[in-house]
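Here is a short tour of one protein chain, with its sequence and structure side by side. Take a moment to look it over before reading on.

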Amino acid sequence: MIVYADNNLKKEVERIWRISFPDDSYDFTDFYFRTKYKNENTLIWMENGKAAACLQMLPYTFTYYNQLIPIAYISGAATLPEFRNKGIMKKLLTHAYYEMLKKDIPLSILIPQEPWLVDFYERLGYTNSFMYTSEKFQTKSNYKPCDTYNIEEINDNNKHDAYRFYANYFVKENLCLQKSKNDFDALIELYQLENGRIFLALSQQNIHGICFTNPMDNQIIIK
């Protein structure tokens, strides 16, 4: 049986998340369920009165060939180990498609947690929309910061202008997930939680660039 979550079942959803995604820190999972999770976006597969699998359909706006359309981002799709390999997630996702149809949501997207899941999701109608790449740069010993711009860390005084720059930039990108101001504020909180830092490049108080950084193994990851 498939049901929507309620406040009691929310605890079961969080339990499934922590078991299924053990690499996520306690702080991150707590952050997710505090800022992103909503009962009305969460479907649960019940097996003998127990929550066995779940997923969230997070609502977003998406740029689609010069249009802004509603989409659902599939998040937290997970099944408890003892209930896996029984076709539960396929049934849960199929049900989610019908729920999206009722809400006039024409498209859903997701990011597979593991490479082997790509084939699974392709069988359900998904296809790759972008490739992930990375580059490594070594700072030279004589490196000097650029003096063309003033560099500021994001703060309460400039984050409104930072969001406006961020939103104006990405709304011009095709096939791109659009973040609300609340999403952006949550993103700032997440970077602070994970000891990341967000920098702005300014000239005459106008923002010309934004940079999201995380420390990792004596390196800096720039997203």
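How many salt bridges does the structure hold? The count comes to eleven, a salt bridge being a side-chain nitrogen of Lys or Arg within 4 Å of a carboxyl oxygen of Asp or Glu.

## About the model

This is a predicted model, in which local features need pLDDT of at least 70 and side-chain atom pairs count only at pLDDT 80 or more, while totals for chains, interfaces and linings use all residues. Residues are numbered from 1 along each chain as its sequence is written, and side-chain values use heavy atoms, with hydrogens and water left out.

## Overall build

The protein chain has six helices and ten strands; these are DSSP runs numbered from the N terminus, with helices being H or I of at least four residues and strands E of at least two. Its C-alpha atoms fill a box of roughly 65 × 40 × 35 Å along the principal axes.

Of the 223 residues, 36% count as buried. Here buried means under 20% relative accessible area, exposed over 50%, and partly exposed in between (1.4 Å probe, protein chains only). Among contacts with a separation of 6 or more, 62% come from residues 24 or more positions apart, contact meaning heavy atoms within 4.5 Å.

## Salt bridges

Let's start with Asp183 and Lys36, whose side chains meet at 3.0 Å, N to O. Asp183 sits in helix α6 (residues 181-193) and Lys36 in the loop between α2 and β2 (42-47), so this bridge ties together parts 147 residues apart in sequence. Both Asp183 and Lys36 are buried.

Glu153 and Arg197 form another salt bridge, at 2.9 Å from N to O. Because Glu153 belongs to strand β6 and Arg197 to strand β8 (residues 197-203), the pair connects parts 44 residues apart in sequence. Glu153 is partly exposed at 32% relative accessibility, and Arg197 is partly exposed at 42%.

Asp185 has a relative accessible area of 23% and Lys181 one of 26%. Elsewhere, salt bridges that share partners join Asp30, Arg34 and Glu189 into one network.

## Aromatic pairs

The whole structure contains 17 aromatic pairs. Rings of Phe, Tyr and Trp (its six-membered ring) pair if their centres lie within 6.5 Å; planes under 30 degrees apart count as stacked, over 60 as edge-to-face and the rest as tilted. One of them is the tilted pair of Tyr97 and Tyr126, at 6.3 Å centre to centre and 55° between the planes. Tyr97 lies in helix α3 (residues 88-102) and Tyr126 in the loop between α4 (117-122) and β6 (150-153), so parts 29 residues apart in sequence are tied together. Tyr97 is partly exposed at 25%, whereas Tyr126 is buried at 13%.

Ring pairs also link Tyr163, Tyr166, Tyr169, Phe170, Phe184, Tyr191 and Phe212 into a cluster.

Is Thr29 buried or exposed? At 1% relative accessibility, Thr29 is buried. This residue of helix α2 (residues 26-35) contacts Glu14, Trp17, Arg18 and Asp24, leaving aside neighbours within four places in sequence.

Lys11, in helix α1 (residues 7-20), is exposed, with a relative accessible area of 63%.
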